[in-house]
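Please read the following account alongside the sequence and the coordinates. It goes through one chain, then the other, and ends with single residues.

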Amino acid sequence: MGLLTILKKNRQKEKEIRLLMLGLDNAGKTTILKRINGEDIDTISPTLGFNIKTLEHNGFKMNIWDVGGQKSIRSYWRNYFEQTDGLVWVVDSADRLRLGDCKKELHELLQEERLSGASLLVFANKQDLPGALTDDQIREALELDSIATHHWAILGCSAKTGAHLLKGMDWVVGDIGSRIYLLD
Amino acid sequence: MSEASKDFRATFDPEKQSIEEALAELDKVPKDELQANIDSIVQRINALEKTVTAKISILPAFDARMCMEAIKSMSERLTQLRVKLVPKAKFSFKSRKTTGATPSPTSTPKPVASPKPAVSTPTIDQSQFLKFEDRTGEHLFIGSLSVSEAGSGAAKDVALTNLTDCTINLVHDIPLGAIHVKNLKRCTLVFPPVSGSILLHDCEGCTLVGACHQSRMHTSTNMNIYIHVTSEPIIEDCTDMRFAPYGQILPSEELDRLFEIAQLNQGVNLYDKVKDFNWLRQQQSPNWRLLEESELQPEVVPQILSKDRSVAK
């Protein structure tokens, strides 16, 4: 029995999932995290570092890491890649000016070897804004259809109203669960 | 060749060869089995990559690199084939779906007939987006923009881009969400309370008066910022930033109403709790300070607002 097998068995027992939530600054990552966790979202400051929350969902223990998206701290994202089961990429659907940046950062992440096994959920956030692009438009703009290396899905959501957040979590937990815990 | 490497290559090489054969055969696969075949190849490539990752510490660097390159080239080949053979892989959640539409998790982008015709570039609905761009030496008033009635009542985002020596007045009855400000030189800006963020990039020598939930300022210098912000404002790659409170820019009844529309707490203002991403220490950052009492310019706001007084109330 190799060490990897032991580790895997160990994780199976705990049914633990590690999610990494990334995206450009002002995408709404912390707001999504706090909304899911039922916390107040009115006083959220830009994240200077990271937040972590542990939640139970569908019988899984989810550790969600929310890492700040400011340009100067994006280089630290790599410190959180290890053991990531799912990547939640959050997009400000109304921020047309930076969709190019957003696409570039996402596709760079997908090249990352340590994230190669992770499921990718793209949250097209801020659907409550009238100027927001739809999930289809975001899918085109980020060229998600070209992704062949990861399981992925995109979902329009609103951290402000809470719309579709749980549905997204359902998908990512389901996808990871079937991959890690049932397939072998 | 080391023992570990030999053992590894004994399992890696045949699997790699087998995947390459599957790739070569892919264009002969019947259409209805294509997706399943692609899915299975994706999984096999991923699994193979995992075996390399797991062994990376014991493999000689050269072998590890060769294996990773082989995997990369197989992934690229698969992507090319997929584009060629499955031209329209459409897959996304539809927000109107009500049933538990969790997609089969074993499939990568699953082709689902899209109800809408495919669009090559995102069609951008400009009517919901208020913007001023590429102006010099002008006074710009948001009330002069035509605003679409659709979705009125919901907050709209504003973009201000490439403005030089302009005065900008966004105080009006239109509820605003986020304000994106980019590349402004020597401008004076007056914003009403907004329900979203103020995002600033590449500005210089401006005076900004605004109220928001979040303030994020980047690569800017020599700015006077009069702000009401209910979370800690941040600066990044900025120098010579000076902060002061928003102040009573309108008669209090009017101002109270605007704060209420923006759902901003008038009682909380963290304008003096600036966080500098380039200065993660306890001591005061050299990149920002508060404006001294003697430096405040209370006449600026009335001057700007008075230009549009008839509309701005």
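The paragraphs below describe the model from chain level down to single residues.

This is a predicted model, in which local features need pLDDT of at least 70 and side-chain atom pairs count only at pLDDT 80 or more, while totals for chains, interfaces and linings use all residues. Residues are numbered from 1 along each chain as its sequence is written, chains are lettered from A and ligands numbered from 1 in the order in which they are written, and side-chain values use heavy atoms, with hydrogens and water left out.

Chain A contains six helices and six strands. Helices (H or I, at least four residues) and strands (E, at least two) are DSSP runs, numbered from the N terminus. Read from the N terminus, the order of elements in chain A is α-β-α-β-β-α-β-α-β-α-β-α. Of the 184 residues in chain A, 60% are buried; buried means under 20% relative accessible area, exposed over 50%, and partly exposed in between (1.4 Å probe, protein chains only). Taking contacts in chain A between residues at least 6 apart in sequence, 73% join residues at least 24 apart, where contact means heavy atoms within 4.5 Å.

Strand β1 of chain A, residues 16–22, has six of its seven residues buried. β1(A) runs parallel to β3(A), residues 60–67, and six bridges join the two; two strands pair if DSSP finds at least two bridges between them. M21(A) has D66(A) as its bridge partner in β3(A). β1(A) is also joined to β4(A), residues 86–92, by four bridges, again in parallel. There, L19(A) is the residue whose bridge partner is G86(A).

Chain B has an open sheet of seven strands, in the order β1-β3-β5-β7-β9-β11-β13, with parallel pairing. Strands β1 (129–136) and β13 (275–276) of chain B stand at the edges with a single partner strand each, so one side of each lacks a neighbour in the sheet. Within this order, β9(B), residues 214–218, is linked to β11(B), residues 234–236, by three bridges, and R216(B) has its bridge partner in β11(B) at I234(B).

Helix α2 of chain B covers residues 31–55. Its 25 residues should span 36 Å at 1.5 Å a residue, and the end C-alpha atoms are 37 Å apart, which agrees; the expected span is 1.5 Å times one less than the number of residues.

Two loop residues of chain A remain. Where is T47(A) found? T47(A) is in the loop between α2 (29–36) and β2 (50–57) of chain A, and its 13% relative accessibility makes it buried. Its side chain makes a polar contact with the side chain of T30(A) at 2.7 Å, a polar contact being a pair of N or O atoms within 3.5 Å; within protein, one must be able to donate a hydrogen and the other to accept it, and residues adjacent in sequence count only if both atoms are side-chain atoms. Beyond its neighbours within four places in sequence, T47(A) is in contact with T30(A), D66(A), G68(A), I73(A) and F277(B).

A148(A) lies in the loop between α5 (135–141) and β6 (152–156) of chain A and is buried, at 6% relative accessible area.
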